Every structure is written in structure tokens, then in C-alpha cells.
Amino acid sequence: MQDTVTTSALLDPSHSSVSTQDKSSTGGHTSSTSPQLSKPSITPVPAKSRNPHPRANIRRMRRIIAEDPEWSLAIVPLLTELCIQHIIRNFQKNPILKQMLPEHQQKVLNHLSPDLPLAVTANLIDNENYWLRCCMHRWPVCHVAHHGGSWKRMFFERHLENLLKHFIPGTTDPAVILDLLPLCRNYVRRVHVDQFLPPVQLPAQLRPGDQSDSGSEGEMEEPTVDHYQLGDLVAGLSHLEELDLVYDVKDCGMNFEWNLFLFTYRDCLSLAAAIKACHTLKIFKLTRSKVDDDKARIIIRSLLHHPVLEELDLSQNLIGDRGARGAAKLLSHSRLRVLNLANNQVRAPGAQSLAHALAHNTNLISLNLRLNCIEDEGGQALAHALQTNKCLTTLHLGGNELSEPTATLLSQVLAINTTLTSINLSCNHIGLDGGKQLLEGMSDNKTLLEFDLRLSDVAQESEYLIGQALYANREAARQRALNPSHFMSTITANGPENSVG
Amino acid sequence: MNPPGSLEALDPNVDEHLSTQILAPSVHSDNSQERIQARRLRIAARLEARRREALGEYLDGKKESEEDQSKSYKQKEESRLKLAKLLLCGTELVTNIQVAIDIREIHRRVEEEEIKRQRIEKLENEVKTSQDKFNEITSKWEEGKQKRIPQELWEMLNTQQLHCAGLLEDKNKLISELQQELKTKDDQYVKDLKKQSDDICLLLERMEEQVKNVMKTFREELYNIEKAFEVERQELLASNKKKWERALQAHNAKELEYLNNRMKKVEDYEKQLNRQRIWDCEEYNMIKIKLEQDVQILEQQLQQRKAIYQLNQEKLEYNLQVLKKRDEENTVIKSQQKRKINRLQDILNNLRSKYAKQIKQFQEENQSLTSDYKRLVMQFKELQKAMRHFALIDDAKFREIWLMNEEEAKDLIARAFDVDRIIHTHHLGLPWAAPDFWFLNNVGPISQQPQKSATQIVEEMLMRSEEEEAEEATSEPESYLDLPKQISEKTTKRILMLLCDESGFLIESKLLSLLLPLEQNECYLLRLDAIFSALGIESEDDLYKLVNFFLKYRAHRLSSSLQIKPCSQASVEKASMEETSTRSELELAEQTEMEGEKEESLVEGEKEEEEETPPSPWVIHPNDVLKILEAFVMGLKKPRDSRAPLRVQKNVRDNSKDSEYWQALTTVIPSSKQNLWDALYTALEKYQSTLNCKFLPLRCCGYPQNRAGPPKADVLGLA
């Protein structure tokens, strides 16, 4: 056999090379590992280039190859491999990705450096894995769930946030942000900024003053303490859905100045114009920013008749009754679903106007008035409104100085209303009788799932019984969710079961 | 999941409740709410127990299987509840901090507000007092300006200085106070910060704890659930394995049994086969011997057959020869026959042509005859028309002649009567009464009276009855020509009243309402009219038939009940009742009879009426009226049909009574009277002769001649 092969090989070298190749590959089988199987077919060029000389040797060395355990074709780097390495190395200058086969693309993406300039990668790479590496590289803690599960989106959102946080008006070049705009406009949906630095004069003078022990207090009367104007940015982001802003300065340490925390009229006006122009905005949050009535009204006026706005959060501000009245107007002129006015200074008149708007509203699902001071007058007005409202599911009235009259009215509401699922009345002065009345109202209610009455002077007994009723409601709701068809039967089966206990 | 499953599943949560419940509502509680709650629970529990009992029968089977299955389910449910509770408690624990901070903040705000208010008050007071003081000082400056004595001025300046110092001191004090407050606030702020950081630490701690706890319990519960599933699976496996093994064993045993059976059977079959084989061999031998014998016999027979065959062959050959000869003969005969047939065919053709000719001829004849017939029929019809015409004319003529003759006769009779009267009154001095005969009143040819309609009769009758009521005894029915003999008027009336009362349904309701205001008799009349029209009673005869029918029916009833009546009558009535056809004939006969008897009834009617006490209608039960009516209507149909030919007959006048009539006219003056007249005549003649005798002497005076003349002439005229 071997003789015939050799003769044929001698006669026809090109052909023989193939045959010997085959032979060697089949022979190599026994000794070499599996990766070699595919390689001869992929790398004919290096094999041919080397073959002419050792061809005879190969044939003679076959026995030796079989005996040499360290011999492997893997030692030879493949051309594709080399090409990919090269592409990766020169990606910044010459980004080639789309033209490659998917497997090669994968390989390239796996080896690209996360430090590449965004101008190259932003619109070219969609691979989540790459952006995951980028994120992991930059930030130790990443909550991708907060960014819609997309690593790319998260990268851009956080990158933008970082830039905005450290933007100093007057010193930082606005182009830094505007340059980023075309790169990130398709990916950013949420802008969350929890600090806006004031203009440069103050910090510039503060920093030297920092060393000279705050000797420059007299010069701080410049009125130009406006922050970064968001108008251009917001207009540029075509998919912006959420805007979460805090006009605040973090880590100011001993450089504390009241001026640092100013949310000026010009800020307010420019912000209002920006959100008015942004028709994709769904959630708008402006918290801890010393927004008073006038500013709140400016912002709310810009939000009137907004096409898609669903959530408005103005908590932890200084909004009083006039601001609340504005919010009430907004309720009847928009599709607002969530309104948060927690920790403001809304008093009874504001609550009354809110209640008036609420009575005929069909959009609002959640209303939060925690830590205001609406007192019984406002509470009663809200309770009256709830008798006609058929939409609100969550109501937070914690810490509002409410007492028994409100509880009486609320108990009536509980008996009628079938939409409310959660009520919070903690930190009020409901009192023992109020608790009893609420318990009475609870006994006729089948929909309420949460009812917070902590620290509201309610008797422990009634609180416990309310808890029992809530538990029954929750069980019923769970049964309903599990099998909607057996809704009635399970209710009937449930009632006695629970009541036995 | 079916409801029982869910019930099972929910059981643990009940247990959970029991274990966790501290304040179970009891019936003996002081709180009325709680008592109500407790009672409600008790009622619900009872209802549930009852429901379960009802369902129990078919749940029992399920429950057992479910208990095994629900172990894991139970575990799952238990874990779920536990975890839910844990989560709830944990979140509460964590949020408790927030709530606590909230309330602290609220308290702080309230306090702050209070303090702020006090501070402002204080400041305002201060401002007021200091203003007063300042005013005092400024007013004193004015005073100082007026002072001339330096000492005094100095003194005043001193006091002024003192005052100013006091004011400044006050202000400074206030400032220091405020600064103190600020400091304390600062301290407080630091404290608050610390507190907040503590709180946050606590919050974090709790959250961490919660996370740890939840994770731990989740793991535990997962482990538990897995264990439960594992146990269940093990159990299931074990039980299945057991089952499998049992089944396998059973299978093996059965297999063995089958094998044994098979072996036995095989042996049996082998034995049987052997037996069969032996038997078959014997049989085979026997059959073989028998068949061989048969073969021998058959061979013998074959020989015989062969012999017969040869014989037959010879015979057949002979026959063939004979037949050949015959065939030849036949051919000869055949040719002869053919010739004959040709001849006969010719004859047939001739006959056919003749036949056709005859048919034509007869058809023509027939046509002419039919045309003749038609013509004759036409003629006949014309003749009939003429006949009718002439009959009418004849009638008229007959009538005229009759009338003429009658008139003449009547004239004569009148004259005779006149004469008679004169004779009676003048000559005999007797009173004269005009004789009264039926034919004297007759005018025109004697014929049937026109038939009155039923209603007319009824009307008459009713009218009459009315009169009767008025003058009961005066007029007796002498002129009731129309009533048939047996039936009294009263009877008829009663029957009709009965009919009227019973068959109100035949009258239209509209009519009834119209009748209400009318008089009783009129009312009856109209009602009867309606009933008759409904029943189809048109003529007098029908009415009498109806009445008769009623009476017969009643009689039949009586006879059937009492059986005293003569059987002949009963049979007639029976026939009339049952067989409508025969009855109709009977009635026809009756009808004609009645017509005939009409005149006789004149004389005899009254007698017979009295003789035959008419069956009283009140014996007829009102309930029977309808039955009778039905039978009657059934019966009435037939005679109607056979009416047409009868009408034709009626046109023929019977002239049997004519001669009688005329004869009667001649005998208007009875023979006794003629005798009288004869006697008178002779007497008068005698009288004349005597007078003549007397006259002769008295011829000279002429007057007695005149006296005697007229009677003579009278007598002569009469003769």
C-alpha cells in the first residue's frame, strides 16, 4: 500500500500533497486532540507554504509523529485569528465589524477594549456583552434593572449623568455634552441627576478660600448662580422618557453656603421650557430642590396638556397651597397617573382643591401627600372626593394631622369604594373611636389590600382586626389572580375558612 | 385546581391563624362588635360544615387520593404563607423606622412652630419696649436743650447716657440670647444628624437582616418543599415499584400456569391425533375395499352400457334414414303449402278492401243518423216549448171558461135562490135561509191551495194562540185546513216553543240582542224564523214533518220504555228513526196522503183529533231536542233531493173533482125543494084554475088578470 502511495505521490506532487494531508490528518487523529480536525480545511495557506520541504519527511515521520505527544497543529496561529487580532488592535482607526461573519464579530467584540472612544463604538456596536464589560469596567456596582435591562442604555445614561453632575457652568465646555448628544440620543431614555453644580465663580473662589479658611464670604452676592440649562440636551434626546432632577450639591463639606442650593427663576423657566418641548416625557421628578409655589406653578403650567406625562414627583420641596392648586389644575388637564407631593407645605385649602379635581378624575392612580399638613378639613374633602372617584388605588396621607372626623368619612368611603387598594394613614391622630369606625368600614370592603395605621393612636385590637380583613382581601385577590374563572366559588369557599380562624 | 383541593390547601392557613391569633372574637366578649363578629363566624362555620356534609359522599373518594398528593401542595402553601408573613413583617419592621422618623419630624415641626411664634412675640415686645425707651430718651434731649445750668445739663447727660447704656444692654442681651438659641439649635442639628445617621444605620442593618432572613427562610422553605416533593416522589416510586412487582409476579404466575396448560393441551392433542390417525387408517382401508368393489360393479355396468350403445347406434342410423325420407316428403308438402298461402293472401287482401269500404259507408250512415237525431231533439224541444205555451194558454182559457160557466151557473143559482126566497116569503110565508155550500164560495178552477211558508204558518198560529188567549172558548179551530189531523195546534206550539228555547245556538247573537225589546210572540216568531232558516225548513210540510217527527220520537221513546204500543206502529217509528231512506219514502207517502186528505180532514179532522189524544210535547225532555233535531236534519236532506220530479207532477191538474163540482152546482136546489115547488106549482095551478073560474064572471074588470100573471111567468121562468 505504502509503495503505491509513494509512487503516486512522486508522480503528482499537488495531488499527493492532498492525499498526504488527508493521511496525516487521519493519522493525526490518534495522537492529536479534536481542535485539529477543522484546522486543515481552514488553513490551507500556511500548510502549503510549509509543505514543499518537509513533505517527504512527513511521510517518513508519521511514525514519529504518532509517538510525539507534544506535536500539535494548534501551535500555528490561524490567519483568521491573526486578522481578528489585527482588527481589534486597529479598531479605533479602522472599525470593521458589520462586514464580518457573526462568529468573527463575536470574537472581535469579546476582545475589544472598553476604553475605546465612544465616537467609534456608540452607533456601531449593539452587542450587550461589550457594553456589559464597559459598564463593569467603569462602575463597580451596576443595576441594569434600573435601566430597562439594557447595558448599552445603562452605559450611556450613566455616562451622561456623570457629565451633567460635574458640569460647571462657565468653566466646562458645553460642547462636552453637546458632542455626546448625537451618540447617545437613541439610547438615553432616563436622565437622573442628583446634583447640579453652581457657576464657576463661587467654587473658584471657594476653592482657594477653602485653604484660606473661608475668608471670602463678602463677595458672594452675585445673582448669577444659574445651573446648567437642560434645554438643548432634552431637545436632543429623542427617546427621553424620564427626567429625575435634584438641584442640590453633594459633598460640599465645610464649604456650605445657602447659595449652593438655589433653584433660580431662570433655572426654573428654562427647565419648564425644556419639558414643555419634550413630548416623549413620561415621568418627571424634581425633588429636594426648594421649589416654592411660584416655581411649582411655572413648571406645572408648562406641563398642562402634556400628551404623555404620567408621573409627576415634586416631593421634598416647599410647595404650599397655591402650588397644590396648580397641581389640581394639572390633574384635570392631563393624563397624570401618579402625583407625589410628599413632604411639602400643603395645607387644608390646597388639599381641598386637590380633592375637587380628584372627584371627577379618571386617570390618577396614586396620590401621595405624606408629611404635609392638610388636617381634617383637607382630609374630609379628600374623603368626599373618593366617594365619587372610581380610579384612585393608592392614597398616602401619612403625617397630616388627621383625626377622627376624617376617619369617619373614610370608613364610609371604604364601604362604597371598590378601587382603592392601599391607604396609608400612619402618624395621624385617628384615635380609638376613629379606629373602630375604620374597622366598621373595613368589614364591608373586599378590595383594600394595604392599610397602614401605625402610630396613629388606634386601638391595637381594631388594628389587628383590620389586619385580619386585609389578610382575607389579599387571599381573595390572590385567588382571583390564580383562577379568575373560579372567582366567586373561591370567595365563598374562602370566607368561612378564614372566619373560622 | 378543584374547590376541594383549594379547601384542603387552605386548611393550614387556618391553623396558622389559630396559632397566631391573640384576640379571637368570642361570644362572651364585652365588646358588642366582637360578639357580632363571633356569631357571624359561628354561623359561617356551621354553614360550611353542612355544605361539606352534603358534598361529603363524593368527596370521600377523592380525599384519600388527595391526601397523598397534597403533601407537597400543603408544604408549598405553608411555605407561601410563612414567607408572605415574613415579608410583611420585615417590610413593616423596616418601614417602622421611616414612620418613626416621620412622626418625630412632625413633632419637631410643631414644636418649632411654637418656638418660632414665641420668639416673634418676644421680639415684637422687645421692639415695643425699646421704642418706648428710645422715645423717652429723644424727648429728654429736647428737655436738655432748654437747660442753662451746666451742672444740671451734666446730670441730665449722665442720666441720658445711663439710659442709652440700658437700652444697648437690653439689645445685647437679646442678641446673646438669640445666639445662645442658635448655638443650641446647632447642637441639636448635629445631634439630629447623628441621630439620622444612626437611623440610617439601623435601617441598613434591618434591611440587611431582612435580606438575610428572607434568604434564609426562602432557602429553608425551598429545602422543605424539595424535601416534601422528594418524599412524595419516593413514596410514589415505592408504591409504584410495589405495584409493578406485584404485577410482575402475577404475570409470572400466570405465564407458568399458561405454560402448564399448554403442555397438557399439547399432550392431549397428540393423543387425540394418534387416535385419529389409527381410526383414519382403518377407515381408509374400508373405503378402499368398498371402492374397489364399486369399480368392479361399474366396469360390469360399463360393459352393459356399451352393448346398449351399440344397439342404439344401429337404431338411430335406421331412424336417420327414415327421417331423411320424411324430410324430402316435407319439402314437397311445404312447397304446396306455400302456394296455398299465396292464394289465401290474395283473398285476404280482397276482404280487407271490402271491409274498409264498409267501414266508410257505415260511418257516413252514422253521421247522417246523428244529425237526424239532433234535429229531432231540437224539434222535440221546440215542441215542448210550444206545449208549455199552449198549456198555459189552455189553463188561462180553461179558467176563463170555467169562470164564465161558473158565473152563469151562479147567476142561475142566484136567480133560483131569489125565486126560492120569493116563494118562501111571499107565497109560503115562511122564513128563508140562504143555503150555505162550499162550492158557492168557490171561484175559479178547483186546485191545490198554494203552499204556505213555514213561517207564515207559525205566524198564523201564534196570532191565533194570542186570540185564543183573549177569547178562549169563542172560536174553535174550524178553519185549520192546514194542520194535519193528528197534531193539535197546542202541541205544535209547545213543540215550537221548546225548539225555540233549546236551539238558541242556531240564532245569531246579533239577532238575539235585537230581539230583546220585542214582544214575546214576535220574539218567538223571529227566533223561529232564524232557526228554520238554519235548519233548512222552508215550507209548511217541512214544519209539519218536524212536528210529526218530534211526536214520533216521543212515542218511540214511550214505546221503548213502556212497550205497550202496538208493535206495528213501533216498527214504523223505528224505521223512521233509524233508516232515513225508508223514512223519507214514508214521509213522501205521508205527504201525498196528506194532500189527498186535506179536504177530508175538513170533516173528519176534528173528530180524529179528539180521538187520538195527541202526545203531549212536555213529555219530550228538553235534552232530547238536539238529538231529534240532528236526526231530523239528517232526514230532511234526502227528500229535498227528490223534490224536483215531484214538482213536475204537481203541474198536472186532476180533474176528478170537476164533475163533482158541477154536479153539485146542479143540485143546488135539492129535490125536496123541487118537490115542494112542484107541489106549489100544482097548487098554484089549481089556484089559477079556481081563479080562472072565478075570473070568467068577472071578466069585465081586468085587474085580477094582472094579479095572476106574474106568478105564472115565474113558474114558467123557473121551468
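Author: Chain B has a mean pLDDT of 76, and 71% of its residues score at least 70. pLDDT is the predictor's confidence in each residue, on a scale from 0 to 100. This is a predicted model, so local features need pLDDT of at least 70 and side-chain atom pairs count only at pLDDT 80 or more, while totals for chains, interfaces and linings use all residues. Residues are numbered from 1 along each chain as its sequence is written, chains are lettered from A and ligands numbered from 1 in the order in which they are written, and side-chain values use heavy atoms, without hydrogens and water. The model as a whole scores ipTM 0.74 and pTM 0.52.

Helix 3 of chain B has the highest mean, 92, and helix 1 (residues 3-20) of chain B the lowest, 40. Helices here are DSSP runs of H or I with at least four residues, numbered from the N terminus. A contact means heavy atoms within 4.5 Å. Residues 641-650 of chain B are also below 50, with 10 contacts beyond near neighbours in sequence.

Now the charged pairs. The structure holds 32 salt bridges over all chains. The criterion is a side-chain nitrogen of Lys or Arg within 4 Å of a carboxyl oxygen of Asp or Glu. Glu221(B) pairs with Lys82(B), with the closest N and O atoms 3.2 Å apart. This bridge links distant parts of the chain: Glu221(B) sits in helix 3 of chain B, and Lys82(B) in helix 2 (residues 32-146) of chain B, 139 residues apart. Glu221(B) is buried, at 3% relative accessible area. Lys82(B) is partly exposed, at 44%. Buried means under 20% relative accessible area, exposed over 50%, and partly exposed in between (1.4 Å probe, protein chains only).

Another bridge joins Arg119(B) and Glu181(B), at 2.6 Å from N to O. Arg119(B) belongs to helix 2 of chain B and Glu181(B) to helix 3 of chain B, so this pair ties together parts 62 residues apart in sequence. Arg119(B) is partly exposed, at 26%. Glu181(B) is partly exposed too, at 26%.

Next, the nonpolar side chains. On the surface, Trp141(B), Leu153(B) and Leu157(B) make up a nonpolar patch with about 240 Å² of accessible area together. Such a patch takes residues with over 30% relative accessible area and no salt bridge; nonpolar side chains (Val, Leu, Ile, Met, Phe, Trp, Tyr) are joined within 5 Å, like charges within 9 Å. Areas come from the Shrake-Rupley method with a 1.4 Å probe, and for residues only the protein chains shown count as cover. Leu153(B) lies in helix 3 (residues 150-428) of chain B. At 31% relative accessible area, Leu153(B) is partly exposed.

Inside, the largest nonpolar core has 116 residues, and Phe284(A) and Phe451(A) have the most contacts within it. Another core lies apart from that one; it has 25 residues, among them Leu498(B), Tyr524(B), Leu543(B) and Phe549(B). A core is a set of buried Ala, Val, Leu, Ile, Met, Phe, Trp, Tyr and Cys residues joined through side-chain atoms within 4.5 Å.

Technical notes:
Helix = DSSP H or I, 4+ residues; strand = E, 2+ residues; numbered from the N terminus.
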